[in-house]
Amino acid sequence: MFAEDDIIKFHRRRVTIIAYIVTISFLVLVLRLWFLQIYKGETLHEYSVQNRLRKEVVRAPRGLIYSRNGQILVDNFPRFDAVVTRQFLKKRKKTIKRLSQILDISVKSIEKMIRKNSSQAKYIPITIKKNISSKEMALIETENSELPGVSVNAFISREYLHKEIGAHALGYISEISQEQLPKFRKRDKLDYRLGDFIGQFGIEEQWDRTLRGISGHEYVEVDALGRKNKYINTDNLFKGIEDQASIPGQSLKLTLDSDLQQAGYHALVGDEKNRAKFPNKVGSVVALDVKTGEILAMVSNPSFDPSQFSRGLSADYWSQLINDDNNPLRDRNIQEHYSPGSTFKPFTAIAALEEGVINEKSKIRCHGTFKLGRKVYHSWRKFGTEKVNIVDALMQSCNIFFYKVATELDIDVLAKYAKMFGLGSRSGISLPREVSGLIPTREWKMKRNGVDWQLGETLSCSIGQSYVLTSTLQLAIAYGAIANEGKVFKPIIVKEIIDRDGTVIEKRKAEVTREIKLKQSTWDLVKKGLYQVVNSPNGTAWWRRGFGLEMAGKTGTAQVVSSSADKIYDKCENKPYEQRHHGIFVGFAPFDNPRIAVASMVEHGCHGSSAAAPVVAAVINEYMEKYMPKEKRENEKKQTAQYRRYLAKRQQAEEAKKKEEQLEEDE
Amino acid sequence: MFADSIEYFKKYDYSFLGLALTIFVLGVLNLYSATHSNPSLEGIYKTQIFYFFISMMIGVIVSFINPKNLFRYSYIIYGFNIFLLILVLVLGKIGMGAQRWLVLGPFRLQPSELMKISTVLALARWFCKANPERGLVLKDLIFPSFIAFIPAILIIIQPDLGTGLLILLIYAVLVYYRKLHWKSITILAFIGLISGGVMYKYGLKEYQRKRIQTFINPYADAKGSGYNAIQSEIAIGSGRLFGKGYMKSSQGALAFLPENHTDFVFSIFNEEHGFIGALFLIVLYLILLLRFIWLSTAVLHFYESIVVIGLMSIFFWHTLVNMSMVMGLMPVVGLPLPFMSYGGSSLLTFGVVIGLATSISNSRNLF
């Protein structure tokens, strides 16, 4: 065994070598320092004093957004700002005076703007005038040498060509905020900077990474006065330094049809000249292609002009938006949920038919009231009609029928069917902040209230009241699934991703999230009921059937506040605005071979038939005119003939009655 | 009793603490100059002073530890640190976030920082017992390689390539000190070259590869780190012999030089104090390193000798890599300059390093 210090001595030689290595490494550092500071010192000093190399970010042009027919919906336009950089602002008085002449702004207000930003670092440019004309720009550029510190900043303004129409779906871009900066840097692993514009809403937000592209940079030599001298070229220290071109963002082709969008929007906004007949409706409409799961139209009202956000939002416009009680910044198709009211009945009907609670022959008397224990449930009509089957019950929207059915349906069974159709859960459309809605179950109520489920609640749920909440988009998808007999889509709104040179990078197809298998008779009965709603003179939406649409659908009226028994039949229009019912209508067309499903909800619109159905009819009408004009003409002919027959029949009946009466009188 | 403690403090080795304090004073003055014009970094020097104070306190406490206890607990410290590294990885996976930190109330602990020291302790413990009377051959490296590579790999997958490789560099110094045969060194160097090539091709992330490419040709860089390298060279070069003077840096002040408070502090120092100033600073570092090396020959136990060489190498690699990178001799890797760069966890590491060296130095006379 060696002694410890012998061992240490044994390693001495290596220690010495380590000491040499350390010293020599540091000598190399000193040599390098000598090379940089003494040998090349003068050159590098020159660079640091006289010429400065500035790296400027070149923002990538953002991708455009097209409609399904290839029309441009969102475009980029170049705009120019006049800016002043304090660091280089020599001959201050003279410069500002000349600048005020060019821009037609008083010297005083320019001074004020500069002072307001005096706490910022000196090299940060201050915007004096936004969006200057080409003449102003030319003057500033030509007098460049006389105006040290003044320059023109080019930027790209994002313009939404259809303004308010479909603004919620398209969204907007605006400058990244101080709070977002660190969060988004972490989330996207991208080096965002203040001044970057990012998507903040709608497609612009959800598809930001696709649309934004990758920014590049270029190196600019800046002289002591901050003017760009020349781009880096040969024969200096930076020889060979490379700029990096930006990679433009990819464009999106949407599934939206701008004509349908227009039709839906105008139906909602109404006509300013004839408000009595065409009121401005607070609500939304969404249309779905039931064969492909593509969203054809998606409009919400009131809306906003997204272009304003990319130009730098004025404080006025912003406060106007956020102080509006109707909240124009909310997409009522996906970011809000409502009681579906009677539009929920088809799903109760499906559950009852499938579970054998009723069949096509079951008939129930449509009384005005229905008693369960001590509670009295009302139908929406005061006076009961005759005994009806399921088709007629849907047609007339008979509450009592569904109440009776509901007493034999467990809520969990009802929920199972409703959820099958995608109600009460997010559709998964690629748009931000979608709400899920709610389909209650026993378990849910236990968890939430700690109380057992009550049978009476099943009754209310069966007609789409109580806890049941759905979004307009969910209703469109669910009715789409009725129309196509079982396909529940995860809808898409972006159809294609297109490269800058026009090549299609990705074609997107909507996923079918569920294939519902039901008895054919169930489909037939429910669809027949929905057809009668619109096409039978006794149906609730007979007056909204349009011309040649072959539409099927269901009206719904959702109570906002539950009213006491004596007030239940008060005329809705006479109530205060906030207490009026929401009107809902969901439909699909054409009946024989459905292509499109449309849902509309009008807040405080009182009735589904009067408020929402015309909006749906307008969109379907536009669709038929555009995509199936031949069928529409045929349908129109058929409809006219049928109507004539109907009138003739009614006349005959009346005449027969008159004759009878006359006979009686004669007798 | 009282006389004893006076005796104690007379024999206490102040050289490490003193040198560290000297470098730190230069560092914090430089930090103030580098950040004073940047509003978002204002007051950062105060934080740095606070961190320094804390880490020196910890250093002093560490200096009272008897090296015998270090020896005894080497593996336990090492094992516990490995556990922390794994914990960071697991928690990071769950949180989907950064995987370097452990949050303990108000403190954020970076286990990879302390791992440098723990690895040195464990390796020293092994080497001082494994046939210290003869040189090493390749098969003697099997076990210690595990000691070094396990933490290195855990850190690299965090991912923190710089610190992971640093641990391997420290290992290399210790193996060399432990008299690995030249033949074995040649073989290992060969293997290292090949595996380095493979790593570069398959193991590196895109940005890491870019940094190496940037180093080879900084003027043709696409990502912008070449820009840092160029601006750093301009800053250093423009300092010339005597520098531009304190607080007169223009490259850094005008935001031409990014990260000038962390990795690039040395270039600001050079710009302001010139060749003379930089020489002074380099000599300070060199004295500190040679002091470590001298200590390794003066201790009574071989274990302590190895530990001191290990601690020296931690210090040495940080200084060398950071300075080389700033001067354009190496690709940009984020290693801080000891006691100059801003950052609490690096200060803490170097504080502990200084404390351990002092403790070992004291043990010659005191324990």
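A:I38 is partly exposed, with a relative accessibility of 33%, and sits in helix α2 of chain A. This is a predicted model, and A:I38 belongs to a nonpolar surface patch in it. The points below start with that patch and then turn to some backbone details worth a look.

**Nonpolar surface patch**
- Alongside A:I38, the patch takes in A:L31, A:W34 and A:Y39 from chain A, plus B:L241, B:F242 and B:I276 from chain B.
- Helix α2 of chain A, residues 12-39, supplies the largest share of the patch, with 4 residues.

**Cis peptide bonds**
- Most peptide bonds are trans.
- The bond from A:N301 to A:P302 is cis, and its omega is near 0°.
- A:P302 lies in the chain A loop that links β12 (295-301) to α12 (307-310).
- A:A589 and A:P590 are also joined by a cis peptide bond, here with omega about -15°.
- You will find A:P590 in the loop between β22 (582-589) and β23 (596-602) of chain A.

- Most residues other than glycine have a negative phi.
- A:C606 has a positive phi, near 75°, and is placed in the loop between β23 and α22 (608-627) of chain A.
- With a relative accessible area of 3%, A:C606 is buried, because buried means under 20%.
- In chain B, K179 (B:K179) also has a positive phi, near 60°.
- B:K179 is located in the loop between α7 (161-177) and α8 (182-203) of chain B.

Technical notes
Residues are numbered from 1 along each chain as its sequence is written. Chains are lettered from A and ligands numbered from 1 in the order in which they are written. This is a predicted model: local features need pLDDT of at least 70, side-chain atom pairs count only at pLDDT 80 or more; totals for chains, interfaces and linings use all residues. Side-chain values use heavy atoms; hydrogens and water are left out. Helices (H or I, at least four residues) and strands (E, at least two) are DSSP runs, numbered from the N terminus. Buried means under 20% relative accessible area, exposed over 50%, partly exposed in between (1.4 Å probe, protein chains only). Patches are made of residues with over 30% relative accessible area and no salt bridge: like charges are joined within 9 Å, nonpolar side chains (Val, Leu, Ile, Met, Phe, Trp, Tyr) within 5 Å. Accessible areas come from the Shrake-Rupley method with a 1.4 Å probe; for residues, only the protein chains shown count as cover. A salt bridge is a side-chain nitrogen of Lys or Arg within 4 Å of a carboxyl oxygen of Asp or Glu.
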